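Hi,

Here is the structure I promised to pass on. My notes follow it.

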Amino acid sequence: MSAAESLVRLAPSRYTLPRPFLKWVGGKGQLLGTLLERVAASGNFRAYHEPFVGGGALFFELYRQGALRDGAVLSDKNPHLLEVWESVRSDVDGLVERLATHRAHHHEDYYYQVRAVVPTERVDRAARIIYLNKTCFNGLYRENRRGMFNVPFGRYTDPPILDEDNLRACSKALQNVELRCQGFEEAAAAVKSQDFVYFDPPYVPVSATSVFTEYAKGGFGEGDQRRLADTFRDLTRRGASVMLSNSWAPLVLECYGEFSPHPVAASRNLNSRTDRRGAVKEALVDNFSVVRPEQLAG
Ligand SMILES: C[S@@+](CC[C@H](N)C(=O)[O-])C[C@H]1O[C@@H](n2cnc3c(N)ncnc32)[C@H](O)[C@@H]1O
């Protein structure tokens with residue numbers, strides 16, 4: 001049985017490790033079942049590429065499913081994030097030790113002390129990010145435009161500061177994985193025919209209040225979205241299987257119209273306005289779906 005066929009049989013694995021070691025804005029936990037179905041529909045692939053890796057929810061899911069038999073390349077433009085991935089891969093003992101110290105000292109004052117100082121050693125910086133991610137308000141690591149973490153303390157009774165079993169499982173999963181701090185265009189340049197690429201960029205904003213300029217959320221503006229669509233088409237011509245998630249926004253439907261975006265329901269809980277929480281429509285685009293009869297005009 002091929003790796004892709006085995007995926008069709010399996011639902012997302014809820015209880016096994018490894019799982020994302022960070023909660024990241026736009027994390028794909030909710031959509032995993034749908035994403036897996038799409039990956040299975042693509043057939044066999046060689047290397048797996050995730051150029052906007054964030055917390056890497058789909059990467060870990062595919063690893064748990066045994067679908068990554070020909071290697072993986074994970075990249076992201078955020079150097080602070082990449083350092084955490086690198087430390088998990090190459091210094092998990094050091095990370096466990098430092099997180100045990102954070103756990104022992106955890107307290108509101110301690111949190112603000114840790115937040116105020118960026119350490120000089122990579123493994124200390126990585127442990128700091130994981131600690132802040134697990135204990136800050138709303139449980140996400142978020143930076144302002146100057147790259148500073150500025151989220152206040154979160155009041156949790158027992159935050160999971162150190163999950164040693166999971167960190168070790170993540171480290172094992174990363175041993176043969178290439179990690180690169182780079183933009184998506186550079187990441188795409190290394191993709192070969194029959195590789196699989198999953199793009200999960202910062203989403204096109206949809207709410208009326210969202211300002212969409214070159215300084216849009218994540219610094220990813222309309223020009224970036226259009227360049228990403230060009231990259232998607234280029235990879236298609238080069239024989240790679242490509243899948244992308246984004247919001248169900250006019251710009252996305254325009255950029256990927258020829259690939260017939262699928263609407264998918266995802267739940268969002270990051271909106272501060274409770275009336276805007278709940279199911280939202282997102283777009284899933286790929287270049288390998290069989291066109292279904294109901295989609296054909298006439
Ligand atoms: C929506 S998040 C990805 C979430 C991820 N799929 C998960 O499950 O956690 C988008 C990511 O894109 C990264 N990013 C922003 N601009 C980028 C660019 N030009 N090239 C590569 N990565 C970029 C951000 O640092 C962020 O981690």
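Helix α7 covers residues 122-135, and at 1.5 Å a residue its 14 residues should span 20 Å; the end C-alpha atoms are 20 Å apart, which agrees. (The expected span is 1.5 Å times one less than the number of residues. Helices are DSSP runs of H or I, at least four residues, numbered from the N terminus.)

This is a predicted model: local features need pLDDT of at least 70, side-chain atom pairs count only at pLDDT 80 or more, and totals for chains, interfaces and linings use all residues. Residues are numbered from 1 along each chain as its sequence is written.

Confidence: pLDDT (the predictor's confidence in each residue, from 0 to 100) averages 87 over the chain, and 85% of the residues score at least 70. Over residues 211-217 it is below 50; beyond near neighbours in sequence, that stretch has 13 contacts in the model. A contact means C-beta atoms, placed from the backbone, within 7 Å.

Burial: ten of the 14 residues of α7 are buried, so the rest of the structure largely encloses α7. Buried means 20 or more other C-beta atoms within 10 Å of the residue's own, with C-beta atoms placed from the backbone. Among them are Val-123, Arg-128 and Tyr-131. The buried residues pack against α4 (79-90), α5 (92-105) and α6 (108-116).

Packing: the axes of α4 and α7 (lines fitted to C-alpha atoms over the stretch in contact, with angles from 0 to 180 degrees between N-to-C directions) come within 9 Å and cross at roughly 105°. That makes α4 roughly perpendicular to α7 (65 to 115 degrees). On the α4 side, His-80, Glu-83, Val-84 and Ser-87 make the contact.

Best wishes

Methods: Helices (H or I, at least four residues) and strands (E, at least two) are DSSP runs, numbered from the N terminus. A residue is buried if 20 or more other C-beta atoms lie within 10 Å of its own, exposed if 12 or fewer, and partly exposed in between; C-beta atoms are placed from the backbone. Two residues are in contact if their C-beta atoms, placed from the backbone, lie within 7 Å. Angles under 35 degrees count as roughly parallel, over 145 as roughly antiparallel, 65 to 115 as roughly perpendicular and the rest as oblique.
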